[in-house]
Amino acid sequence: MADTYTPPVTGTGVKATIQRIGGHLAGMIMPNIGAFIAWGLITALFIPTGWLPNETLAKMVSPIISTLLPVLIAYTGGRMVHGQRGAVVGAVAVMGVVVGTDAPMFLGAMIIGPLTALILKYVDKFTEQRTKAGFEMLVDNFTAGIVGGAMAVVGMLGIGPIVEAVTTAAGNAVGWLISHNLLPVASVLIEPAKVLFLNNAVNHGVLSPLGVAEAAEHGKSILFMLESNPGPGLGLLLAYLLFGPRALRPSAPAATIIHFFGGIHEIYFPYVLMKPRLILAVIAGGAAGVFTFMVTGAGLVATPSPGSIFAYIAVTPRGGWLGSSLGILVATAVSFAVAAVLLGFGRGEKEEPAEPAETGTAAAGHTGTGHTGTGHTGTGQTRTEQNATEPATKEA
């Protein structure tokens, strides 16, 4: 299933291995982009800071991001490994991760879904040769139930706390950089954490509380802009549109609109996972944007939620438009430039005229062989070279 949404990776070595892993991770997300868009639309419209605030409809936001999306991701990951049976046990197992923590467990879902399906795959190989005729369904159902239930327990007691600890550590590291006035360097941690779907934990768990305290004292805070800047993602998507794999270019315009205007940054994460080296582009764009914010003295009065350009405008204090806009523009330009270089300006994505060339070569080879073997000349083809080399045959 991953091959349907991500370009195939060839070769061996560390680079190919990383790309292959990133492709599998992206393959769990790309089929579920529609669900992300649905959640993003509901969030952008109905949360208290949305365009059409509605307390009743906003109740859907939390269950979708905390339960539905991780289940879909784990389901897809399990199906990639072991078909429908793997999908079912992956969805069951991820519930342990979901219930075990309060943070959205996208990363945990991408781990436990394929892992549970892989375990069931080996269990099925063990039992299929040892199951008597007539008991196949019974054995299949019980093995799936046992594996899914056991991994749900493991997820709740093991994987969930581990992922939460990683999230907490990332947040603490970002907080340390902020406290030591190393804001541009914070992008080195923030952008990779975002791509691993830890963006909400970093933003709302670390940056927002610190930003609220600073805004209460100074009337604005740059901390609200570190994670929410749409510039790095916008530059990356524009680079994909112009220089990315041809199979993915048609998806870039819609993703760009959803990301920049809708504020759903999760939409561009799979594009980085498919080509992990592009993390350098969003890090460079994020750092450039933060540096620009610092130089211009930019800041926001609250967290832009969701992180769209409209939300940025809404929470920018009077007189701060230039700094905010310039930081987004610089981040976009830097991210685009670095991503374009890393994508080779699309040189490796040109149309390959292999089929016509092969057809012509095959036809030429066939003609030469056929004519040499049979000696027929009435085909309407020019045979000057053969006529020059085989005069005796002609005369005969």
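This passage describes a helix pair, a further helix with the residue that follows it, and a loop position in a predicted model.

Two packed helices are described by the angle between their axes and the distance between the axes. For helix α9, which spans residues 231-243, and helix α14, which spans residues 321-342, the axes lie 7 Å apart and the packing angle is about 40 degrees. Because angles under 35 degrees count as roughly parallel and those from 65 to 115 as roughly perpendicular, α9 and α14 are oblique to each other. The crossing of the two helices, α9 and α14, is right-handed. On the side of α9, the contact is formed by G231, P232, L234, G235, L236, L238, A239, L242 and F243, which meet I328, A331, T332, S335, F336, A339 and A340 of α14. Sorted by class, the residues in this contact of α9 with α14 comprise 12 nonpolar and 4 polar ones, with no charged residues.

In helix α7, which covers residues 187-195, the buried positions are S187, I190, E191, A193, K194 and V195. Just after α7, the backbone at F197 adopts a positive phi of about 65 degrees.

The loop that connects α12 (279-296) with α13 (309-314) contains T303. The relative accessibility of T303 is 19%, and since buried means under 20%, this residue counts as buried. Although T303 and E227 are 76 residues apart along the chain, their C-alpha atoms are separated by 9.8 Å in the model.

Conventions
Residues numbered from 1 in each chain as written. Predicted model: local features only at pLDDT ≥ 70, side-chain atom pairs only at ≥ 80, totals over all residues. Heavy atoms only, no water. Buried < 20%, exposed > 50% of the residue type's maximum accessible area, 1.4 Å probe, protein only. Helix = DSSP H or I, 4+ residues; strand = E, 2+ residues; numbered from the N terminus. Axes fitted to C-alpha atoms, helices over the stretch in contact; angles between N-to-C directions. Parallel < 35°, antiparallel > 145°, perpendicular 65-115°, else oblique. Left-handed = near helix turned anticlockwise from the far one by under 90°. Contact = heavy atoms within 4.5 Å. Nonpolar A, V, L, I, M, F, W, Y, C, P; charged D, E, K, R; others polar.
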